[in-house]
Amino acid sequence: MTSPPADRFARHLQLPEVGPAGQARLGAATALVVGAGGLGCAALPYLVSAGLGGVVVCDGDVVELPNLPRQVLYGDDDVGRAKAEAAVARLAPLNRACRLTAVSAPLDAHNARALVAAADVVVDATDNFAARYLLHDACFAQGRPLVSAAVHHDEGQLAVFRFDRAAAGPCWRCLWPQAPVGAAGQGDCRDQGILASVPGVLGAMQADQVLRVLLDASPLAQGQLMHVDLASPALWSTRWKAAADCVLCGVPKQASAAREGRVREQRPPFDPRAGAVADEETGWDELDAPAACLWVDSRSDGEQAADPVPAALAGLPIRSWRLFGADGPPSDRPCVVFCAHGIRSLALTRHWRAAGCDHVQSLRGGLVAQRRPRT
Ligand SMILES: [Zn+2]
């Protein structure tokens, strides 16, 4: 391990949590960043400039014009160019000592294992569930720490998985056994638009967590999900628990490779209800007495203001999810949690059910399904 240049990293070296030993640790580390979109473009410059020894950028897409507002490593001249190559070309002058590698191919079952195995820390900056699950499972199998983020509208979520530790804690599949059906983006349609700055905030937070993991400087705990709502603005975290029957981490005696194979066999078809407890969700038509239920709106404040509930729900007892803590809503009556598409509400329902709230259900398909004409 060679000494880092003192002048360049002077502000790091002054910090007790970094110092010469920590900076040398960064210099000896290689990060794999999967996805060079909005999240990746924000995380990558910090990883390169902060003194990591190597950064591998994996992305199979080419730069398109609508990418430019939020994917700030690219400019007009890069349209049509492979993102991984364009990103590496832009990053190289930031720190010539950093070994940069472009992998201009999508992460898939063939390359995931080798890419993850060659990294000391992995950044999930993908924009689709298939890659997210593949990367998560590969990190689990290879014992690599994973820093994962997702964005949607004004909101983002961040989680750290310490698969490099023996007692890692709950994995992503404990919360979401399978990827949601038909979901190209992070839980719902990727075509709904996003403010350029939102993935920038979350990507920078990912870089921060990568440094904290490498420096052992208080990264997020595993099973802790950090939520960011930039419309409010608000920052808070929730926790989820390990599932004893988790298809990935719930089988301690099996070899990790065997577990990975078992998950692969069970993955398709993508179905949000696969693995769900039967009564975790309810349809609007399945409710006997909607007015007797407590309705919890799990959307952000910005969404609630911009998109009032439809007429069928108006007049019902609706409360914001923010009124209830980790213990969930009171159990004196049934509770139905809803959001736009029924994905975030299902996550919140599972969170509360893990805390003992069996009276809580998620509205299947969310407000979008409720508004859809009945056939
Ligand atoms: Zn698990």
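**View 1. Asp216 sits in the loop between α8 and β7.**
In this predicted model, D216 has a phi near 55°, a positive value in a residue other than glycine. Most residues other than glycine have a negative phi. Is D216 buried or exposed? D216 counts as exposed because it has 10 C-beta neighbours inside 10 Å, and the cut-off for exposed is 12 or fewer.

**View 2. H153 lies in the loop between β5 and β6.**
Here is another residue to look at for its backbone angle. H153 is not a glycine, yet its phi is positive, at about 55°. H153 has 21 C-beta neighbours inside 10 Å and therefore counts as buried; the cut-off for buried is 20 or more.

**View 3. A cis peptide bond leads from S232 to P233.**
Follow the chain into the loop between β7 and β8, and you will find P233. The omega of the bond from S232 to P233 is near -15°. Most peptide bonds are trans.

**View 4. An open sheet is formed by 8 strands.**
Reading across the sheet, the order is β3-β2-β1-β4-β5-β6-β7-β8, and the pairing is mixed. Which strands stand at the edges? They are β3 and β8 (234-239); each has a single partner strand, so one side of each is left without a neighbour in the sheet. On average, neighbouring strands of this sheet are turned by 15° against each other, direction ignored. Helix α8, residues 197-215, packs on the sheet and touches β1, β4, β5 (146-152), β6 (155-161) and β7 (224-229). The direction of α8 makes about 170° with that of β5.

**View 5. Strand β2, residues 54-58, is mostly covered.**
How many of the 5 residues of β2 are buried? The count is 5 of 5. On one side you can pick out G54, V56 and C58, and on the other V55 and V57; both faces are covered, as all of these residues are buried.

**View 6. Strands β1 and β3 both pair with β2.**
Start with β1 (residues 30-34), which runs parallel to β2 and is joined to it by 5 bridges. V33 has V57 as its bridge partner in β2. Between β1 and β2 the chain passes through helix α3 (residues 38-49), making a right-handed β-α-β crossover. Turning to β3 (residues 99-103), 5 bridges join this strand to β2, again in parallel. V55 stands opposite L100 in β3.

To find your place here, look for V34, which stands opposite D124 in β4.

**View 7. Another open sheet is built from 5 strands.**
The order in this sheet is β9-β13-β12-β10-β11, with parallel pairing. Its edge strands, β9 (281-282) and β11 (318-320), each pair on one side only. Within the sheet, β10 (residues 294-297) and β12 (residues 335-338) pair in the parallel sense over 4 bridges. Which residue of β12 is the bridge partner of D297? That partner is F338. Helix α11 (residues 344-354) packs on this sheet, where it touches β9, β12 and β13 (360-363). The direction of α11 makes about 170° with that of β13.

Terms used: Residues numbered from 1 in each chain as written. Predicted model: local features only at pLDDT ≥ 70, side-chain atom pairs only at ≥ 80, totals over all residues. Helix = DSSP H or I, 4+ residues; strand = E, 2+ residues; numbered from the N terminus. Pairing = 2+ DSSP bridges. Right-handed = clockwise from strand over helix to strand, strands pointing away. Axes fitted to C-alpha atoms, helices over the stretch in contact; angles between N-to-C directions. Contact = placed C-beta atoms within 7 Å.
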